[in-house]
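Colleague: I would like to go through this model one feature at a time. Please give the general idea first, then the case at hand.

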Amino acid sequence: MPASPSTARAINDRLALDLLQQEGPLTAGQLKQLTGLSRPTVADLVERLTAAGLIAVVGEAGEQRRGPNAKVYGIVADRAHLAALDVRTEGVAVAVADLVGRVLAEESVPIGGDMGTGPAVEQAVALVERVVKEAGADRLHTVGIGAPGLIDPASGELRDSSGLPEWHRRLVAALQERLPAARVSVENETNLAALAEQRDGVARDRDTFVLLWLGHGTGAAVVLDGALRRGASGGTGEIGFLPVPGTAALPSATDCEGGFHSLAAAGAVVDLAARCGVSAEPGQEPSAVGVVRAAVGVVRSAVRQVREGGAEVGAFPSASATDAAQPVSGGGAARFLDALADRLAVGVASVVAILDPGCVVLGGEVGRAGGDELAARVQDRIARMTPLPTEVRTTTLGGGAVLRGALLTARDRAQEELFTPGERPVQRW
């Protein structure tokens, strides 16, 4: 059945708004070309969207022709302001953007583990208010929060999880109370990182992939046929609880020690590096990111020296029993990356055997620090462990993926509401 006139107008309006979001400012002629609509129809929708305060003239096209230049229309970016939060165990990062997703202000603060719940919440909320002020926003329309832990699919709330700070759960309620006009939502940090990689990162050409998050802890996000999969209880991707034979114990409902977490979490990575004789860069405290970055740097330098010396890359020094006693030797660094790849392959192979995603992205700060050197090692091991072809890629967004994903979801939700057909009162948020 043909659409009613009002339905057709709504579809055309949303199509035009989506194009203006994707392509940037356009002339009426360009909208006609991209939408395939007639000139009168485009003129009508431009008039409607302008009257609704959703688009405005932002310039003129310098077309090489006689007569007046064509008006260029763009989304009214300050129609609404958005905030994104990346909430970690050790701090919080905040970004405030306009309706098209342009970041206007961004800041982060550390929150010590010895700080009480109330002061931690107050410090995080004060940061949001400060960044909003710096961005020149009167108020927020939508707030997207990324946090570790499980999100209850029924309520959309962060579930109480052992090992995570209490201030995480309290922060969501506090923001809703202090920002009563804003729509506040929370999502698992790894899921948001996957959405960011899918939209703006290394997985843009994939509609099915798995993101393996490597940071303070471990996690995985599953995207199948273009859609993020959360599972019946919101726990899809809790790979830290994957039992690993040979570890000290089995994981429990409240503790992932003995699971994949005990092999690939930050503390385990630092311990493994120490056993291989790899330390952080001089003057820096040992951290998973630091030791992985240091090892990658040594390996790259060694390969470069071999190539410049005219030898084959295969002549790269192999690991030996004495490497562990050497301060970051080429062999020690390579042995560390090999051992870390062995560990990561345990989790990746399990995911591949069940989901056959075709692509696994090593995400998080540690995944980015490992770069192509670590990804290639993991892919090599997976190729020997499973008949299912799997490409292993490294993140292009790193730790910033969570904040980017939170901002993208906040923008999508705000636009979904503001771009919805019907009564659109002109209102500044």
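Colleague: How many of the residues of E5 are buried?

Modeller: A residue is buried when its relative accessible area is under 20%, exposed when over 50%, and partly exposed in between, with a 1.4 Å probe and protein chains only. Eight of the eight residues of E5 are buried, so the strand is largely enclosed by the rest of the structure. Gly91, Ala93, Ala95 and Ala97 point one way from E5, while Val92, Val94, Val96 and Asp98 point the other way. In the protein chain, buried residues make up 50% of the 429 residues.

Colleague: What should I know about the model itself?

Modeller: The model is predicted: local features need pLDDT of at least 70 and side-chain atom pairs count only at pLDDT 80 or more, whereas totals for chains, interfaces and linings use all residues. Residues are numbered from 1 along each chain as its sequence is written, and side-chain values use heavy atoms, with hydrogens and water left out.

Colleague: How many helices and strands does the protein chain have?

Modeller: Helices (H or I, at least four residues) and strands (E, at least two) are DSSP runs, numbered from the N terminus. The protein chain has 12 helices and 13 strands.

Colleague: What is the strand order in the open sheet of five strands?

Modeller: Strands of a sheet pair through backbone hydrogen bonds, either parallel or antiparallel. Two strands pair here if DSSP finds at least two bridges between them. The order is E6-E5-E4-E7-E8, with mixed pairing. Strand E6 (103-110) and strand E8 (183-188) are at the edges with a single partner strand each, so one side of each has no neighbour in the sheet. From one strand to the next, the twist averages 15°.

Colleague: How many bridges join E5 to E6?

Modeller: Seven bridges join E5 (residues 91-98) to E6, and the two run antiparallel. Alanine 95 has glutamate 106 in E6 as its bridge partner, and alanine 93 has serine 108. The two strands form a hairpin with four residues between them, where glycine 101 in the turn has a positive phi of about 95°. On the E4 side, E4 and E5 pair in the antiparallel sense over eight bridges, with leucine 85 opposite valine 94 in E5. A hairpin of two residues joins E4 to E5.

Colleague: Which strands does helix H6 lie across?

Modeller: Angles run from 0 to 180 degrees between N-to-C directions, and axes are lines fitted to C-alpha atoms, for helices over the stretch in contact. H6 (residues 189-200) lies across strand E4 (81-88), strand E7 (142-147) and E8, running at about 95° to E8. The axes of H6 and helix H12 (residues 401-418) also come within 7 Å and cross at roughly 80°. That makes H6 roughly perpendicular to H12; angles of 65 to 115 degrees count as roughly perpendicular, under 35 as roughly parallel, over 145 as roughly antiparallel, and the rest as oblique.

Colleague: At what angle do H2 and H3 pack?

Modeller: Helix H2 (residues 28-35) and helix H3 (residues 39-51) pack at an angle of about 120°, with their axes 9 Å apart. The two helices are therefore oblique to each other. Contact means heavy atoms within 4.5 Å, and here Ala28, Leu31, Lys32 and Thr35 in H2 meet Arg39, Val42 and Val46 in H3.
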